[in-house]
Amino acid sequence: MRVLMLHGINHNMFGKRDPKQYGTITLEQIDARLHKVGQELGAEVTSFQTNSEGEMCDRIHKAYFEEMDAVLINAGAWTHYSYGIRDALAILTCPVIELHMSNIHAREEFRHHSVFAEIVTGQICGFGADSYELALRAAVLRLYA
């Protein structure tokens, strides 16, 4: 089972950026935890982070051709306005789980809306770094359903 974890804009700054919302965990620590849980679940997790919207779309297209079994995405701010990423995700035929460390519905008004909501399999938010593990577990369960 192959799962792609997509990290969006500014996620390379986890551990430094707004610790009240995102804690002090780094992206590298998140990926290490996710890879460990993936091994326990029999899933090979590949992680990708970019601050470029075009690169994110290109990586999603590549995931389609790689026939990934599932895709997890924390697109950050792109969640709220990137129709380009939304359209790229809509091409995928595998489960797509949207996730966020913070509860986007308890934050600023503009963060309450996800342009991905209508096309993703499900959303997980508000559990800090544990949102990643929960999303991976949800994807694996969906694949076995």
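A salt bridge is a side-chain nitrogen of Lys or Arg within 4 Å of a carboxyl oxygen of Asp or Glu. In this predicted model, Arg59 and Glu66 form such a pair, with their closest N and O atoms 3.1 Å apart. By the same rule, the count comes to six salt bridges.

- Arg59, one partner of the 3.1 Å pair, is buried, because its relative accessible area is 10% and the limit for a buried residue is under 20%.
- Glu66, the other partner, counts as partly exposed at 25% relative accessibility.
- Glu66 also meets the side chain of Lys62 in a salt bridge, with an N to O distance of 4.0 Å.
- Lys62 and Glu66 both belong to helix 3, where four residues, or about one turn of the helix, separate them.
- Lys62 is partly exposed, with a relative accessibility of 46%.
- A further salt bridge joins the side chains of Arg137 and Glu133, at 2.9 Å from N to O.
- Arg137 and Glu133 both lie in helix 5, and they too are four residues apart, about one turn of the helix.
- Arg137 counts as partly exposed at 32% relative accessibility, and Glu133 counts as partly exposed at 26%.
- Through salt bridges that share partners, Arg59, Lys62 and Glu66 are joined into one network.

**Helix 5 and its cover**

- Helix 5 spans residues 130–144 and has 15 residues.
- From its first C-alpha to its last, helix 5 reaches 21 Å, close to the 21 Å expected at 1.5 Å a residue.
- The buried residues in helix 5 are Ser131, Tyr132, Ala135, Leu136, Ala139 and Val140.
- The cover over these buried residues includes helix 2 (27–41) and several strands, among them strand 1 (2–7), strand 2 (44–49) and strand 3 (70–74).
- Strand 4 (96–100) and strand 5 (122–125) are also included in that cover.
- Ser131, a residue of helix 5, counts as buried at 0% relative accessibility.
- Leaving aside residues up to four places away in sequence, Ser131 touches Leu99, His100, Met101, Ile124, Cys125 and Gly126.

- Phe127 is located in the loop between strand 5 and helix 5.
- Phe127 touches His100, Met101 and Leu134, when residues up to four places away in sequence are not counted.
- His100 and Met101 are also listed among the contacts of Ser131.
- Phe127 and Leu99 are 28 residues apart along the chain, and their C-alpha atoms are separated by 9.5 Å.

**A nonpolar patch on the surface**

- Tyr64, Phe65 and Ile91 form a nonpolar patch on the surface.
- Together, these three residues have about 340 Å² of accessible area.
- Phe65 has its place in helix 3, which covers residues 53–66.
- Phe65 is exposed, because its relative accessible area is 69% and exposed residues are those over 50%.

**Cysteines**

- A search of the whole structure finds zero disulfides.
- Cys57 counts as buried, at 12% relative accessibility.

**Residues with a positive phi**

- Most residues other than glycine have a negative phi.
- Asn10 is not a glycine, yet it has a positive phi of about 75°.
- Asn10 is placed in the loop between strand 1 and helix 1 (19–22), and Asn10 counts as partly exposed at 34% relative accessibility.
- Glu67 likewise has a positive phi, of about 55°, although it is not a glycine.
- Glu67 is found in the loop between helix 3 and strand 3, and Glu67 counts as exposed at 62% relative accessibility.

Conventions:
Residues are numbered from 1 along each chain as its sequence is written. This is a predicted model: local features need pLDDT of at least 70, side-chain atom pairs count only at pLDDT 80 or more; totals for chains, interfaces and linings use all residues. Side-chain values use heavy atoms; hydrogens and water are left out. Patches are made of residues with over 30% relative accessible area and no salt bridge: like charges are joined within 9 Å, nonpolar side chains (Val, Leu, Ile, Met, Phe, Trp, Tyr) within 5 Å. Accessible areas come from the Shrake-Rupley method with a 1.4 Å probe; for residues, only the protein chains shown count as cover. Helices (H or I, at least four residues) and strands (E, at least two) are DSSP runs, numbered from the N terminus. Buried means under 20% relative accessible area, exposed over 50%, partly exposed in between (1.4 Å probe, protein chains only). The expected span of a helix is 1.5 Å times one less than its number of residues. Contact means heavy atoms within 4.5 Å. A disulfide is a pair of cysteine sulfur atoms within 2.5 Å.
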